[in-house]
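Open the model in your viewer and keep the selection tool ready. We will go from stop to stop, selecting residues and seeing what is there.

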Amino acid sequence: SAVSGDQGADMTQPLHAPYATGLHKLSVGLAPLDIAHWFEPDRQWPEQMANKGAMLRFQHGDVVASLPESAAAQDELLETMIAHLPRAHPNLFTMEPKGLRIQGLHPGGANNPSLWPIDRCGRMVQEDLCLMQADGDRFVLTAASLCAPSGWKLSEKLGQPLIGIHAPVPGYDVELAHRVQRVFQGLQAGQLVWRTNWSLATEPTLFMPGGHSVSPVQGDAITAANAGTHVWLRVERQTLTRLPRTGAILFTIKTHIDPVSSLRGHPELCAGLRGSVETMKPEMRDYKAITRYKAALIAWLDAQIGP
């Protein structure tokens, strides 16, 4: 596809497979990232941008929010993205006298000065954007454009520190909180790092603010025969960078949704997912709502792995 620049890649298998290790553990797992790959337009661009457009039109209050103290950081982010996107993705973004032109989109919102800058930035990319700012020794969520939340509501998390945002995640406070805090404190201006995480869902919906949940009907409908098409891999590609002028940290979240059946023909990925589900702590499996259909999913994966 012209969008993703992944000609020659297998167009059916997921772009990122953090479960391929076959071992589930809570980890920060950050790696350096070249600025050219800060944003990741891919083959899901048309439908994800259409979803964003609809969310911003009909549920704006649910997906965009900001605190007054984020104004300068939002301005810096807007400047940075407008300078970066045409350079990194000239096939998608062109700077014109009237503003940014985005291929295949009506970019009215991206160039609308009456919108908050975080809102304008969110209309340019598939990624969700969260601005975190230092408040003493804590980092607080001060602005976001969030059209694909995985189990959290922006209205409840705005103004919250990292520990408050991640409160429901089993083990976060003990195993991860201090490490994440160190990463945020140590991140240098202009440094870009990334990581991925994954979960499973029983529907391919991007906007899932209500948490990981599976109705009994959904759970019981999943069998060893149909788990491939009834269970969805939900992988988040996340980046962190510090804006040099304001010191705010931008956290981007790009959500990839693929049916588990996209692993068919890739026994090593099936084995990785199987191992990751099996080694997940029971309380994490419950939190991610996998327990109800775990046996059916494992049976489907076993059938792909073969003897």
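**Stop 1: the enclosed spaces**

This is a predicted model. It holds 2 cavities of 30 Å³ or more.

Start with the largest cavity, which has about 60 Å³ of space. Select Gln48, Asn51, Lys52, Gln126, Glu127, Asp128, Cys147, Ala148, Leu206, Ile253, Lys254 and Thr255 to show its lining. Now colour α1 (45-58) and β9 (249-259): each supplies at least two residues of that lining. Next, colour the lining by class.

Move to the second largest cavity, with a volume of about 40 Å³. Its lining includes Phe39, Pro41, Trp45, Leu85, His89 and Phe93.

**Stop 2: helix α3**

Select residues 71-88, which form helix α3. How far apart are its end C-alpha atoms? They are 26 Å apart, which agrees with the 26 Å that 18 residues should span at 1.5 Å a residue.

Which residues of α3 are buried? Select Ala73, Gln74, Glu76, Leu77, Leu78, Met81, His84, Leu85 and Pro86 to see them.

**Stop 3: the nonpolar cores**

In soluble globular proteins, nonpolar side chains tend to be buried together. Here the largest nonpolar core has 32 residues. Select Leu77, Met81, Phe93, Met124, Leu129 and Leu131, the residues with the most contacts inside this core. Then show α1, α3, β4 (99-102), α4 (117-122) and β5 (128-135), the elements that give two or more residues to the core. Of these, α3 gives the most, with 5 residues.

Zoom in on Leu131. Leaving out residues up to four places away in sequence, Leu131 touches Ala73, Gln74 and Leu77, among others. Its contacts also include Ile118, Val140, Leu141, Leu243 and Ile249.

Now look for a second, separate core of 23 residues. Val231, Leu263, Met284 and Ile290 are among its members.

**Stop 4: an open pocket**

Finish at the second largest pocket, with a volume of about 230 Å³. Its lining has 12 residues. Select Met49, Gly53, Leu105, His106 and Arg123, which lie nearest its centre. Which helix gives the most to this lining? Colour α1 again: it gives 5 residues. By class, the pocket lining divides into 6 nonpolar, 3 polar and 3 charged residues.

Methods:
Residues are numbered from 1 along each chain as its sequence is written. This is a predicted model: local features need pLDDT of at least 70, side-chain atom pairs count only at pLDDT 80 or more; totals for chains, interfaces and linings use all residues. Side-chain values use heavy atoms; hydrogens and water are left out. On a 1 Å grid over the protein atoms alone, a cavity is a set of points where a 1.4 Å probe fits but cannot get out, and a pocket is an open set with protein on both sides within 12 Å along at least five of seven lines; lining residues have an atom within 4 Å of a point. Grid points are joined across faces, edges and corners, and a volume is the space filled by probe spheres set on the points. Helices (H or I, at least four residues) and strands (E, at least two) are DSSP runs, numbered from the N terminus. The expected span of a helix is 1.5 Å times one less than its number of residues. Buried means under 20% relative accessible area, exposed over 50%, partly exposed in between (1.4 Å probe, protein chains only). A nonpolar core is a set of buried Ala, Val, Leu, Ile, Met, Phe, Trp, Tyr and Cys residues joined through side-chain atoms within 4.5 Å. Contact means heavy atoms within 4.5 Å. Ala, Val, Leu, Ile, Met, Phe, Trp, Tyr, Cys and Pro count as nonpolar, Asp, Glu, Lys and Arg as charged, and the others, Gly among them, as polar.
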